[in-house]
Amino acid sequence: MSDSINKLKIFIFRPKPAYQTIWANWLFKCEPLELEYLYTVLKDHAIITLIDGQVRSCDPVKEVMRLKPDLVLITSLITNVNMVLKMAAGIKKLKSPPKIFIGGPHAEVLPQHFFTPEIDGVFYNNQLHAIEQVVKAIRSGEEYYHIAGTAFQKNGHFMINRPDKVNFNDFPIPERPLLRKYKNKYNLFYFNDCASIKTSFGCPEKCTFCFCRKMNQEEYGRRPLASVLQEIESIPNKNVFIVDDNFLLSPTYLEAFCESIKEKKITKQFIVYGTSRFIANHPELMKKLREAGLLAILVGLEFISDEALNAVHKGSDYADNETCIRVCQELDIELIGLFMLDPNWPASEFKKLMNYIHNRKIYLATFATLTVLPGTDLWEIKEKGNPDINNLWRYDFLRLHESPRYMSRYQYYFWMMYLYFRLIFRLNGFTYFKQRTGLWNTLKMSINGITSVFNFIIKIIIWP
């Protein structure tokens, strides 16, 4: 078979969230790693067009009209679902429409949300391998409806195939055409020109509110360290965001990681997710990670009382959080605190949280509404049933999904804005960031933060 003849034409697209969704695109925009992976495994079988809707405005229906692809692959988050369904309906109205396949985080946990007449298939498990197998089969004119980890529409019904184990020893190192094309477009707060890498899948923690731990069939798996280091060495960017749900899990693995970084003389700057309990229990290992290039950690501190932490099975307590903050500050690791707001709080709890953050000199933080997310244990505990597919855009972790106990909805949003504005306009915050990242980056981050807040206010007024 000729390498150029019989190649498929594939359009791969990551949409931005629905226009009603509140999201801080100016502050937090990750490299679309799933698109880079798809390009890597499919480039020998297809002529590929990649479009990241978060950095390039695009009407996907018009793109399909222009490109005339054989296949359209779309990755989706929960806030994209309704948009993706409408997109698929628009594409299917075209003359000789392509097959439409859906993957991504939401499809991995709740594939049934995409079981509509306009969608031909959904990839819910071991997605990369499954997509490669399906594309090979289509190119060769072979049957593909049986491939594991998929659900395909056949005779008007979706048939779900068995799940499949991910082979982490054979995971590809992605090529990065989008990272090269959109230099300086991907960032995490003041860490600019930031690449992403995934070294593990799933999470062994048991937080009831967490969607990520439900992925990968609720199992945890990790890539071999040698492959991870090879990929890190291939990345041209100085800043590398390790997007694992929790990178700080195995002391043995992390000790080997630090040693290998030192031996190979790798000089990257790493941003990771981790838990406060691990950080609190391993201060010496955190010091080694800092020496290996760890600059920032996103930590789910969540709440500031043991009662609230225990209620969501957090696995860490108030003392862990306190020690974690101290360890990070002593090692000069930027702590990005991830906090939750409970709709049942009175106003005094918002003030208490702000005082906690101020007194502990936490300069970067996010505040999310405690959200009962479809697919999570918390959803099942509260017996929520089937969500309204048309309103999944509301699950942006900021909006309310129930009436607050002690205040109106707008009063709740006021207190959320109070937290964000107090964080942005702290008297010594500007000086702190100017020393860490320079005047221009500090101004840019401040402007982006203010823009994000006003974007929030406008959308809450229009779509409360």
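What follows is a walk from one glycine out to the strands and helices around it.

Me: Where does Gly-337 sit, is Gly-337 buried or exposed, and which residues does Gly-337 touch?

Reply: One thing to keep in mind is that this is a predicted model. Gly-337 belongs to strand E16, which covers residues 334-341. Its relative accessibility is 0%, so Gly-337 counts as buried, the cut-off being under 20%. Setting aside residues up to four places away in sequence, Gly-337 touches Val-299 and Leu-301, and also Leu-364, Ala-365 and Thr-366. Ile-357 is 20 residues from Gly-337 along the chain, and their C-alpha atoms are 8.9 Å apart.

Now for the sheet. Strand E16 is part of an open sheet of six strands, ordered E10-E13-E14-E15-E16-E17, and the pairing is parallel. The edges are taken by E10 (194-197) and E17 (364-369); each has a single partner strand, so one side of each has no neighbour in the sheet. On average, and ignoring direction, neighbouring strands here are turned by 20° against each other. On one side of E16, strand E15 (residues 294-302) runs parallel to it and is joined to it by five bridges.

H13 (residues 347-359) lies across both E16 and E17, and runs at about 170° to E16.

Next, the nonpolar core. The largest one has 158 residues, and the members touching the most other members are Leu-42, Leu-248, Met-286, Ile-297, Phe-339 and Phe-367. Helix H15 (residues 409-424) gives this core its largest share, eight residues. Phe-367 is a handy link between these pieces: leaving out neighbours within four places in sequence, its contacts include Phe-339, Leu-341 and Ile-357, as well as Met-416, Leu-419, Tyr-420 and Leu-423.

As a general point, nonpolar side chains tend to be buried together in soluble globular proteins.

Conventions: Residues are numbered from 1 along each chain as its sequence is written. This is a predicted model: local features need pLDDT of at least 70, side-chain atom pairs count only at pLDDT 80 or more; totals for chains, interfaces and linings use all residues. Side-chain values use heavy atoms; hydrogens and water are left out. Helices (H or I, at least four residues) and strands (E, at least two) are DSSP runs, numbered from the N terminus. Buried means under 20% relative accessible area, exposed over 50%, partly exposed in between (1.4 Å probe, protein chains only). Contact means heavy atoms within 4.5 Å. A nonpolar core is a set of buried Ala, Val, Leu, Ile, Met, Phe, Trp, Tyr and Cys residues joined through side-chain atoms within 4.5 Å. Two strands pair if DSSP finds at least two bridges between them. Axes are lines fitted to C-alpha atoms, for helices over the stretch in contact, and angles run from 0 to 180 degrees between N-to-C directions.
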